[in-house]
Number of protein chains: 2
Amino acid sequence: MGAEEVMPLTPENNTPPSMSYPAVTDFLRSGLFRWAGDANSFVGDAYIELVCSPNNPDGAIRDAVLSSGAGKAVHDLAYYWPQYTPITRRADHDIMLFTVSKSTGHAGTRIGWALVKDREVARRMTKFVELNTIGVSKDSQLRAAKVLSAVSDGYVDGDASRHRLFDFGRRKMVERWRMLREAAAASGIFSLPAETSGRCNFANETAANNPAFAWLRCDREDVEDCAGFLRGHKILTRSGNQFGADPRYVRVSAVGKECDNETNEAVFDETDDEEDAAEAAPRRNDHEVHMSTGAAGSEEE
Amino acid sequence: MGAEEVMPLTPENNTPPSMSYPAVTDFLRSGLFRWAGDANSFVGDAYIELVCSPNNPDGAIRDAVLSSGAGKAVHDLAYYWPQYTPITRRADHDIMLFTVSKSTGHAGTRIGWALVKDREVARRMTKFVELNTIGVSKDSQLRAAKVLSAVSDGYVDGDASRHRLFDFGRRKMVERWRMLREAAAASGIFSLPAETSGRCNFANETAANNPAFAWLRCDREDVEDCAGFLRGHKILTRSGNQFGADPRYVRVSAVGKECDNETNEAVFDETDDEEDAAEAAPRRNDHEVHMSTGAAGSEEE
């Protein structure tokens, strides 16, 4: 990376992706790069463009908007899995990021991986991880490898009697989106992005886009704070203004746990304080221990 | 942290501590801080002083050398455990860092903790961890909590029949240092730091300093590269020049695995490419998977 690199982002409407990228970039105040905002308004040659596709929060498929010999695009394909979106093409970008958080739901394991064409870029990425963390948790690596093996084994030999995670996930997401669209339509005051679909090469059929998050708008004139309005009805969402968007919008999670009658926690609830990348993780007894004023420990059993 | 903070270090001789701190600091090129080198030669008020005590690589007990209302000291107490050094006093610094890597040997779990007096400082540290990693591996947190509980249980009720990790570790380290000092004395060409001891409040007796690493010097006139000389005899060490010191010195690990006859891997060997904080971890089948040009996985069984 040169000393003047910037990191623009590829939004196409008023829904920027997760705020993690700018937050950590701004926090470090590195002399190596700075956050440059919307890629559509970026002018220059030296950049790293982050392309989140499908996008968080709206699930839209995105392409890089910049092109320059000196620039690089990083494709964050965290949500490019059959449960969320039709797999319409074989992803073949220079730098592609994935995570078990969204693919299998093991957000707490904190393991991601990258497919990188250029060996030197891969070497630098590895070096950065080494410097930044002095190594990735082996406990997590072992667990992630085991989980991915189990998922993969489900698709061996076309044996349909096996447990197949992506088929299970697709059924769940289709059902949840059906419920959500019915509820929004019945309410008369909420609108959702139009359903899109495509030929899914994984499912071998036409499949709908079932994003991990719903980008819900409250159309009632007197409701300017949709998240507050829903909270009044015991539905927890994230306000659009957390994504730099209109607070009439909220992001509703479709990847939480199923409804728990004891606590009235619904499928589509989204607590405000959970971390972005841990959203697909189990919520109960989920007390994280960071570096803090106590000894390492956990209340989990 | 202000925009002009610097991070001096507290060495007292030609043995700076592990190079991880300057490496990651220099790499990020943050506008928030820069690496300022030896604390003894630092001039200024705004700083974060890193005090590694016992020090890596020489095991020396260190105190902060700077004092200013605007400055802060961070005490890295990774090696302040009874197997390495007499516990002569109750540590009571403002910010103290620990890790299971050195206390119990679970380096691969990548879990550390901090004891911090100032709530606001603790909050900022937690925020940094959150921004930098979006949460710490829960698999690792659970494992570390279980390991620390098991270690702690060994000392319940003064029942001496229990497995007691620190007593076991002390016996091992005493034995290894005895062997190493005998070998160095018999060679006539190697010298080691003089043995120091102190009243250990944990062991309730006078105990020797048994550092995790030996800072070995080759006294033969014709050997200018001690690490190369030892490598010629199938003993792997880290050259002093990796620590900014004279290459007549090497750092010898005393926390590796016991001798394996099949590979001639000796207790005191230290491979060059292992990572600093992972040194106490098991070495066999220990292939780390970083972000790189392959899918997440592991060759471990």
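1. B:Lys117 is found in the loop between β6 (112–116) and α3 (119–133) of chain B; helices (H or I, at least four residues) and strands (E, at least two) are DSSP runs, numbered from the N terminus. Leaving aside residues up to four places away in sequence, B:Lys117 touches B:Asp92, B:His93 and B:Asp94, where contact means heavy atoms within 4.5 Å. B:Lys117 and B:Asp94 lie 23 residues apart in sequence, with 5.3 Å from C-alpha to C-alpha.

2. This is a predicted model, in which local features need pLDDT of at least 70 and side-chain atom pairs count only at pLDDT 80 or more, while totals for chains, interfaces and linings use all residues. Residues are numbered from 1 along each chain as its sequence is written, chains are lettered from A and ligands numbered from 1 in the order in which they are written, and side-chain values use heavy atoms, with hydrogens and water left out.

3. Chain A has an open sheet of four strands in the order β7-β10-β12-β11, with antiparallel pairing; two strands pair if DSSP finds at least two bridges between them. β7 and β11 (238–239) of chain A are at the edges with a single partner strand each, so one side of each has no neighbour in the sheet.

4. Strand β10 (residues 213–218) of chain A has five of its six residues buried, so it is largely enclosed by the rest of the structure. Buried means under 20% relative accessible area, exposed over 50%, and partly exposed in between (1.4 Å probe, protein chains only). β10(A) pairs with β7 (residues 190–191) of chain A over two antiparallel bridges, and A:Ser191 has A:Arg217 as its bridge partner. Five bridges join β10(A) to the antiparallel strand β12 (residues 249–253) of chain A; there A:Trp215 stands opposite A:Arg251, and A:Leu216 is the bridge partner of A:Val250.

5. In chain B, an open sheet of four strands likewise has the order β7-β10-β12-β11 with antiparallel pairing. β7(B) and strand β10 (residues 213–218) of chain B pair over two bridges, with B:Phe190 opposite B:Cys218.

6. Which residues touch the most other members of the largest nonpolar core? Of its 41 residues, they are A:Tyr84, A:Trp177, A:Phe190, A:Leu192, A:Leu216 and A:Val250. Such a core is a set of buried Ala, Val, Leu, Ile, Met, Phe, Trp, Tyr and Cys residues joined through side-chain atoms within 4.5 Å. α5(A) gives the largest share of this core, five residues. At least three residues come from each of domain 1 (5–151) and domain 2 (165–278) of chain A; the domain bounds come from an automatic or database domain assignment. A second, separate core of 40 residues includes B:Val129, B:Ala144, B:Met173 and B:Ala214.

7. Over all chains there are 26 aromatic pairs. Rings of Phe, Tyr and Trp (its six-membered ring) pair if their centres lie within 6.5 Å; planes under 30 degrees apart count as stacked, over 60 as edge-to-face and the rest as tilted. The rings of A:Phe42 and A:Tyr47 have centres 5.8 Å apart and planes at 70 degrees, so this pair is edge-to-face. A:Phe42 is buried at a relative accessible area of 15%, and A:Tyr47 is buried at 3%.

8. A:Arg251 lies over the face of A:Phe213, 3.7 Å from the ring centre. A charge sits over a ring if NZ of Lys or CZ of Arg is within 6 Å of the ring centre and within 35 degrees of the ring normal. In chain B, B:Arg251 lies over the face of B:Phe213, at 3.7 Å from the ring centre.
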